[in-house]
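Hi,

Here is the structure I promised to pass on. Please open it first; my notes follow below.

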Amino acid sequence: MLDKNYTNELTKRRTFAIISHPDAGKTTITEKMLLLGKAIHISGVIKGRGNQNYAKSDWMNIEKKRGISVTTSVMQFTYKNILINLLDTPGHQDFSEDTYRILTAVDCCLVVIDAAKGIEERTKKLIEVTRVNNTPIITFINKLDRDSRDPISLLDEIENELKINCIPITWPISCGKDFQGVYHIYEKIIYFYKNKFSKNKSYFLKNFIDFSNVPVLKKTLGLDICKHIYKELELIIYIYAKYNHKKFLQAIDTPIFFGSALGEFGIDHILNALINWAPYPIYRKSNKRFIYPQEKKFTGFVFKIQANMDLKHRDRMAFMRIVSGKYKKGIKLKHIRINKYITISDAFSFLAGERISIQEAYPGDIIGLHNHGTIKIGDTFTEGEDIKFIDMPIFAPEIFRQIYLINPLKQKQLKKGLIELSEEGTIQVFRSILNNDCIVGAIGILQFDVVIERLKVEYNIDAIYKKVNIVLARWINCKNHYSINEFKKKYNSYLAYDTNNYLIYLAPSVANLNIVMNQHNDIIFDKVRK
Ligand code: G4P
């Protein structure tokens, strides 16, 4: 039997990530959420873009120079007695594979869409990743205080592009300079954006009747808007399905909210949805069985390694998602991959870069462990049971460079540096089987600069890149040894090994890959390595 305290701790946790295209408003929303959760008291702490409070969440020099958040941070705050773990994902287009992997550590995602732009490329890609685990999605359409696209056409686009049903929970009343607020379909309340005419911040409409028949609304919103919004609402209540909790949890439906992060409007609606609807910590798959958060024994997996969080200490931090049981300072855990017990004398939680030593933590929490090179992404820790969490995918990089040294005598250091950097999971390193050329693969282009800078600062190596003719990578899998050997002979100039000795095909074009795939039906070309 679980004690009441443990069950309480479990049910009061929500772990989620915000995903969006750069500039849609993710940072602003994070900040407003932290303000509402009273975790911070002033704006501008999260990412100041040139302001004094600059970038507590931006740890690396390169981030500071460019004013963007390259690495992923974890924040914990409380809202209405619910403990929220918010995993920040780099939104800039120079993000990394890390961003994809972090989505395996959350139980829910908030998708932020710019109301003027609709679905953008980065959002689409990230949503595809959430599909791997059918992570539930809440959608926030932001920047209604600016001229926006027609909301129905935005929802059409979300349904078509993201393959998910939209369930409007709130609905905007105009936009841009005429933005009046939203109507909350389920609460039957109009929330006013900046109400110039009345002191009320909201108006409860007991029965859904023509707004222009309600004198206070007619006065506040104006006759034209009243008539228009009433007609529009009649239509959307008719065409869109009702919120269905099961379908939300299965990621078949996404509840839709509208607002303005900058105007601090609508953020409480999303937070309420998160605490009321998002699942509390859910089970994870291991190679032997499902592991449930209600289990007493501790288990967890590492989904991220981050270096340079504290330049004074030059340390690396391993981020672990707790799946079951309770972390207590001094707990003895088995590091399954190396088959060794270690005592965890210190673990950390985070708030925008500030680390706090913790005494205890529960499923859903993300804890940081000091890593002196023994912990790798995907590692499982338990109190003894020999299991390994699965579904920690490695995604094929999307851009490639050949890296070489200015001083060729430092090959050994280069190898060490690249292996260590690739263990953090933001880049991947391949060795060509034909000539041993060293290829670096990444998902966002900025990672190439990060690698050069870190090789210089941390390993004292000057390296440069050469462009290579590679546009796609696919891991090669085949049970037939004869076929694979023949394949290796035929395509040796396109093949390489990754740092774990998996064979990968580096294609010079999509057409090339398609032709090769068609000619070799017995070989599997994998986009994701599990
Ligand atoms: P990101 O993390 O998704 O990249 O977006 P971020 O929050 O940094 O927002 C991008 C820009 O959009 C910022 O303006 C921000 O102030 C603005 N913004 C965010 N939400 C809203 C909103 O609801 N309404 C309006 N009108 N603007 C919004 P910036 O000028 O690029 O930066 P800053 O100087 O304001 O920091």
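Some overall numbers to start. The accessible surface of the protein chain is about 23,900 Å². Carbon and sulfur atoms hold 51% of that surface. Keep in mind that this is a predicted model. The chain has 530 residues, and 57% of them are buried. It contains 14 helices and 33 strands. Take the contacts with a separation of 6 or more: 69% of them join residues 24 or more positions apart.

Next, the largest pocket. It holds about 880 Å³ of space. Its lining has 34 residues. Nearest the centre are Lys-376, Ile-394, Thr-499, Asn-500 and Arg-529. By class, the lining counts 13 nonpolar, 8 polar and 13 charged residues. Helix H4, helix H11 (411-423), strand S26 (427-432) and strand S30 (495-498) each give at least two residues to this lining.

Now helix H5, residues 121-132. Which of its residues are buried? They are Arg-122, Thr-123, Leu-126, Ile-127, Val-129 and Thr-130. These residues cover an arc of only 155 degrees around the axis, so they sit on the same side of H5. The general rule is that an α-helix has 3.6 residues a turn, so residues three or four places apart point the same way.

What covers the buried residues of H5 includes helix H4 (97-102) and helix H6 (151-162). Strands S1 (13-20), S4 (108-114), S5 (137-142) and S24 (394-395) are also among the cover. After H5 comes Asn-134, with a positive phi near 50 degrees.

Best wishes

Notes: Residues numbered from 1 in each chain as written. Predicted model: local features only at pLDDT ≥ 70, side-chain atom pairs only at ≥ 80, totals over all residues. Heavy atoms only, no water. Buried < 20%, exposed > 50% of the residue type's maximum accessible area, 1.4 Å probe, protein only. Helix = DSSP H or I, 4+ residues; strand = E, 2+ residues; numbered from the N terminus. Arc of directions from axis to C-beta. Contact = heavy atoms within 4.5 Å. Areas by Shrake-Rupley, 256 points an atom, 1.4 Å probe, with all protein chains shown as cover. 1 Å grid on protein atoms, 1.4 Å probe; cavity = no way out; pocket = protein on both sides within 12 Å on 5 of 7 lines; lining within 4 Å. Points joined across faces, edges and corners; volume = space filled by probe spheres on them. Nonpolar A, V, L, I, M, F, W, Y, C, P; charged D, E, K, R; others polar.
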